[in-house]
Amino acid sequence: MKKNYLLTPGPTPLPAEVCEALARPIIHHRTPQFQAILKEAHEGLKYVYQTTSNVFILASSGTGAMETAVINFLSPGDTVITVEGGKFGERWTEICLAYGINCEVLKVEWGKAVDPKDIEKQLKSNPKIKAVFTTLCETSTGVVVDMQAIGAAVKDTSAILVVDAISGLGAIDLKTDAWNCDVVVSGSQKGLMLPPGLGFISVSPKAWKLSETSKCPKYYFSLKAAQKAYESTDTPWTPAIGLIIALNDAIKLMKQDGLENIFKRHNKMADATRAAMKALGLELFSPTAASDVVTAAKVPAGLDGEKLVKTMRDIHGVTIAGGQSEMKGKLIRIAHMGYIGEFDIILGISCLEKVLAQMGYKFQMGAGVKAAEEVFLK
Ligand SMILES: *Cc1c(COP(=O)(O)O)cnc(C)c1O
């Protein structure tokens, strides 16, 4: 028998309450019964987002919400800044280019966080910039950026700040309103403890103003249509009914914990994972900007990183992530996001140790587990 454990940065494991909600019979969406559920979901998302602006629910993966954030505010020929410090930053550029939007790409070395001053400088050098596209947690590298400082840099310009918080929302602090994040996109399968299938997007008054001039083509992902429906607690198209029902149960669990406690728990799990990597002699990929949602560490020289990840998954049932694109085979990424507790981390590290030992890597057996336990004991 092989038991399966998920320690990946999306999808993340599901609480029993969410599984149970997903098993309920389907109901119709144009009913007072569903309307009450949708109203609760809209309010719950405002809590998670820390915003008073509307948060729209899309039937799409996170990337659908990213595309929504591009096509509702911009026009072909506009110029924007995209911050690229990994695979997901690159996605902003790719979506913008698909719609004929010019990108001033702010390249950041993989494993490093963007310096908010560089964004400020670039905004000053070109007053025509309409938007700044950023990533809260660059899941491909494990890096978290200082979104508060970026928000302060963008606030007094005419540009809007667009944040990909697909991994990070509901796990690490993001004060949408207080940090001046105009558009924040997210997805269901990361910090929110749901299966994939929902995209979310919040829109500030400054962003609504810009949307009035937007000429990009749009239909399914029109925020104007979404806003019109929202006013009567409705959705323009058939919503992902089952997932929205489960979303309310997930947010109920989050409210029971409280955001502050959730952030503290993620910080502790990340600290433990980082301590374990150090104790095992595995170098952190982003020591200066390591996020609390996913830890990226370098695969020791001479070891096959892809084989390491595959063996953990296929032989032992413990799924972690490897490196993407240019870091393929060179990284392991252990997620500690959403419905993950300290003993999930212990288990993941224990399995990592076993496979490292089998692959001939020299280290003190148990050192990683011990280091993590010491953090949890504090
Ligand atoms: C997972 C992830 C995405 C992609 O979301 P999909 O749901 O796969 O479309 C985008 N950005 C970041 C930072 C992510 O972690």
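This is a predicted model: local features need pLDDT of at least 70, side-chain atom pairs count only at pLDDT 80 or more; totals for chains, interfaces and linings use all residues.
Reader: Noted, thanks. Which residues pair up there? What is the bridge partner of serine 186 in β10, for instance?
Author: Serine 186 has phenylalanine 200 as its bridge partner in β10. Another pair across these strands is valine 183 with valine 203 of β10.

Reader: And on the β8 side, in what sense do β8 and β9 pair?
Author: Strand β8 (residues 160–164) pairs with β9 in the parallel sense, over three bridges. Valine 183 turns up here too, as the β9 bridge partner of valine 162.

Reader: Is β9 mostly covered or mostly open?
Author: Mostly covered: β9 spans residues 183–187, and five of its five residues are buried.

Reader: Which way do those residues point from β9?
Author: Val183, Val185 and Gly187 point one way, while Val184 and Ser186 point the other way, and all are buried. In a regular strand, side chains alternate between the two faces of the sheet.

Reader: Nice. Zooming out, in what order do the seven strands of the open sheet come?
Author: The order is β2-β10-β9-β8-β5-β3-β4, with mixed pairing. At the edges are β2 (55–59) and β4, each of which pairs on one side only. On average, neighbouring strands of this sheet are turned by 20° against each other, direction ignored.

Reader: Which strands does helix α3 touch as it packs on that sheet?
Author: Helix α3 (residues 62–71) touches β2, β5 (131–135), β8, β9 and β10, and its direction makes about 160° with that of β9. There is also helix α8 (residues 223–231), which lies across β2 and β10 and runs at about 110° to β2.

Reader: I always look for cysteines. Where is cysteine 103 found?
Author: Cysteine 103 is in strand β4, which covers residues 102–107.

Reader: What is cysteine 103 in contact with, leaving aside its neighbours within four places in sequence?
Author: With those neighbours set aside, cysteine 103 contacts Val80, Thr82, Thr93, Cys96 and Leu97. For valine 80, the C-alpha atom is separated from that of cysteine 103 by 5.1 Å, though the two residues are 23 apart along the chain.

Reader: Histidines next! Is histidine 29 buried or exposed?
Author: Histidine 29 is buried, with a relative accessible area of 12%. That counts as buried because the cut-off is under 20%. Histidine 29 is found in the loop between α1 (16–22) and α2 (32–49).

Reader: Changing topic: what is the order of strands in the three-strand open sheet?
Author: That sheet runs β11-β14-β13, with antiparallel pairing. Its edge strands are β11 (294–298) and β13 (321–322), each pairing on one side only. Five bridges link β11 to β14 (residues 331–335), and threonine 295 has isoleucine 334 as its bridge partner in β14.

Reader: Which helix lies across β11 and β14?
Author: Helix α10 (residues 259–279) does, running at about 10° to β11.

Reader: And at what angle do α10 and α13 pack?
Author: They pack at about 150°, with their axes 7 Å apart. That makes α10 roughly antiparallel to α13, because angles over 145 degrees count that way. The α10 side of the contact is Lys268, Met269, Asp271, Ala272, Ala275, Ala276 and Ala279, and the α13 side is Ala367, Gly368, Ala371, Ala372, Val375 and Phe376. By class, there are ten nonpolar, one polar and two charged residues.

Reader: Last one: how do α12 and α13 pack?
Author: Helix α12 (residues 342–358) and helix α13 (residues 367–377) pack at about 165°, their axes 8 Å apart. The two are therefore roughly antiparallel, and α12 passes α13 in a right-handed crossing. Glu342, Ile345, Ile346, Ile349, Ser350 and Glu353 of α12 meet Ala367, Gly368, Val369, Ala372, Glu373 and Phe376 of α13. Those residues divide into seven nonpolar, two polar and three charged.

Conventions: Residues are numbered from 1 along each chain as its sequence is written. Side-chain values use heavy atoms; hydrogens and water are left out. Helices (H or I, at least four residues) and strands (E, at least two) are DSSP runs, numbered from the N terminus. Contact means heavy atoms within 4.5 Å. Axes are lines fitted to C-alpha atoms, for helices over the stretch in contact, and angles run from 0 to 180 degrees between N-to-C directions. Angles under 35 degrees count as roughly parallel, over 145 as roughly antiparallel, 65 to 115 as roughly perpendicular and the rest as oblique. A crossing is left-handed if the near helix is turned anticlockwise from the far one by less than a right angle, and right-handed if clockwise. Ala, Val, Leu, Ile, Met, Phe, Trp, Tyr, Cys and Pro count as nonpolar, Asp, Glu, Lys and Arg as charged, and the others, Gly among them, as polar. Buried means under 20% relative accessible area, exposed over 50%, partly exposed in between (1.4 Å probe, protein chains only). Two strands pair if DSSP finds at least two bridges between them.
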